[in-house]
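Trainee: I am new to this structure. Can we go through it in short questions and answers?

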Amino acid sequence: MLLLALAAGSPSVGADRVPADVLIRGGTIYPGNAPALAGDVVVTGDTLSYVGPDASQRFAARTVIDARGMIVAPGFIDAHTHPDTYIRSDDPRQRLNAPWLMQGATTLLIGVDGAGSPDVANDRAELERRGVGTNLVPYVGFGAVRTRVLQEQGRAPTAGELDRMRALVAKGMCEGALGFSTGLFYAPQSFATTEEVIALAKEAAARGGIYDTHQRDESSYSIGLMKSVEEVLRIGRVAGLPVHFAHIKALGEDVHGQAPRVIAAIEAARAAGQDVTADQYPWTASGTALEPALLPRWAQDGGRAALLERLAQQDVIGKLLPEMRGNLRRRGGAQSLLLTSAGWPWTGKTLQQVATEWHVEPVEAALRIIRANEEATAAASFNMTEDDIRAFMRRSWVVTSSDGSDGHPRQYATFPMKYARYVVQEKAIDLDEFIRSSTVRTAEVFKLERRGRLEPGYFADIVVFDPVRYAPKADYVHPQLLSQGVVAVFVNGRQAVRAGELTGEAAGRVLVHSPPPGTCP
């Protein structure tokens, strides 16, 4: 029962009080799995020891936080993130993951879109040795695996190469990966057939993993949105594992309004017994790069060196430009692409503004930028409709994610944006749904043990926020402004945010999946 302390024989009022570390007193508690209540939360070590009324009568805590007028909730779980510039920084302050902590997020899923290394054990040891501010949950990624075996070649693997990729996925799973992630929209993963993906997904399935995917087409680039949804569902059925759609959306003018069709397909699969879920961020602009947004995949076969060789050939340019124009149209035109890579003359400008300044057409401006920037050129791409966003957000199988990447405000402000716009302003969802879709539901989808609830025996990941002040400050022009309104955050029982400021505590852990007995050496 929620209101019970850890032991059935807890002292009654007036008896000697039980020692504890933290008492969060007088807040409105949203436990995640039960109705809201007024009361107290008690932390002992890294664990919640009590949730309920009158804790000060029962516990003697070394630290007391006055939470009157505040919301007390489980720490938010970000289902899809790109925090590498933070968690792998040489700066200990950077590794605190301030953009997420100041939203109230305490657990991040990493290695998404196929990026997760199969060397999960080594990565975990290094991350925990150096210290991180939030919990991290790793995937083994198709992109990392395929590149290790095939580099960036656009061809099918041989039987021996496929076996090597299978072994790498199995290695990652046996070392604790949550599942197998793909980014089939991106080269070189886009060169893979469905059957190749299924063969590798089976290795994750055999070890109790999940299939998480940036699906092959969220728009009309290749096979189209609905055929892409069908591909994801087929991979899950044939490989025999749960499937999870990353940052679900209908991207671009060709598919605007198709959220109900996607929802119907997924709910038909769920009704037939398939385990299907999704995550979503509450922004009308996706985060991408000019290369995958505008270049056809054949131009990227072999990686950047091969691309630059092609861009030096006029006959290739003649073939390339019409396809780029088509892709730009899908994205809503040059005015819909805001260039966000830091430190360039075009930073903070739309592709249309740059093209006008340079007196060239937008796709030619894009090629100049791609040639100049050795790294992918980040962009915010305004390509979604509010109606589609709301339709996905209201589904019981959709959880919150930031897809937080450098240069996009979603990295700093996703959870407060969802709260401020869709709970407070539009009332598209209520506060309870906001918290459930950001905590307990996410923990259940990804089977994160003892996370996502405020319940005795669970890990003490907690956010305390002001329901009046909790709001985003970052926007598309100023994407790196910390959110406001978070009063306190605890990660594994240690206080990471106090009075709205970072404490410097790096209490995060790498949370690993345990494969079923007998499935690993």
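Trainee: Is Cys 174 buried, exposed or partly exposed?

Mentor: Keep in mind that this model is predicted. Buried means under 20% relative accessible area, and exposed means over 50%. The relative accessible area of Cys 174 is 26%, so this residue is partly exposed.

Trainee: Which residue forms a disulfide with Cys 174?

Mentor: A search of the whole structure finds one disulfide. Its sulfur atoms are 2.0 Å apart. The partner of Cys 174 is Cys 520.

Trainee: How many residues apart in sequence are the parts that this pair ties together?

Mentor: Start with the places. Cys 174 lies in helix H5, residues 159–174. Cys 520 lies in the segment after strand E21 (501–502), so the parts tied together are 346 residues apart.

Trainee: Is the disulfide of Cys 174 and Cys 520 left-handed or right-handed?

Mentor: Look at the torsion about the S-S bond. For Cys 174 and Cys 520 the torsion is about -90 degrees, so the disulfide is left-handed.

Trainee: Now the charged pairs. Which residue meets Arg 130 in a salt bridge?

Mentor: The structure holds 33 salt bridges. In one of them, the side chain of Arg 130 takes part, with a distance of 2.8 Å from N to O. The partner is Asp 90.

Trainee: Where does Asp 90 lie?

Mentor: The pair links distant parts of the chain, 40 residues apart. Arg 130 is in helix H3, residues 120–130. Asp 90 is in the loop between helix H1 (84–87) and helix H2 (98–101).

Trainee: Is Asp 90 buried or exposed?

Mentor: Compare the two partners. Arg 130 has a relative accessible area of 26%, so it is partly exposed. Asp 90 has 68% relative accessibility, and exposed means over 50%. Asp 90 therefore counts as exposed.

Trainee: Are Lys 249 and Glu 218 buried or exposed?

Mentor: These two form a salt bridge, with the closest N and O atoms 3.2 Å apart. Lys 249 lies in the loop between strand E12 (243–245) and helix H8 (259–271). Glu 218 lies in the loop between strand E11 (210–214) and helix H7 (225–239), so the pair ties together parts 31 residues apart in sequence. Both Lys 249 and Glu 218 are buried.

Trainee: On to the strands. How many residues of strand E2 are buried?

Mentor: Strand E2 spans residues 37–44 and has eight residues. It is largely enclosed by the rest of the structure, because the number of buried residues is six.

Trainee: Which residue in E3 is the bridge partner of Val 43?

Mentor: E2 is joined to strand E3, residues 47–52, by five bridges. These strands run antiparallel. The partner of Val 43 is Leu 48.

Trainee: Which residue in the hairpin of E2 and E3 takes a positive phi?

Mentor: The hairpin has two residues between the strands. The phi in question is near 65 degrees, and the residue is Gly 45.

Notes:
Residues are numbered from 1 along each chain as its sequence is written. This is a predicted model: local features need pLDDT of at least 70, side-chain atom pairs count only at pLDDT 80 or more; totals for chains, interfaces and linings use all residues. Side-chain values use heavy atoms; hydrogens and water are left out. A salt bridge is a side-chain nitrogen of Lys or Arg within 4 Å of a carboxyl oxygen of Asp or Glu. Helices (H or I, at least four residues) and strands (E, at least two) are DSSP runs, numbered from the N terminus. Buried means under 20% relative accessible area, exposed over 50%, partly exposed in between (1.4 Å probe, protein chains only). Two strands pair if DSSP finds at least two bridges between them. A disulfide is a pair of cysteine sulfur atoms within 2.5 Å.
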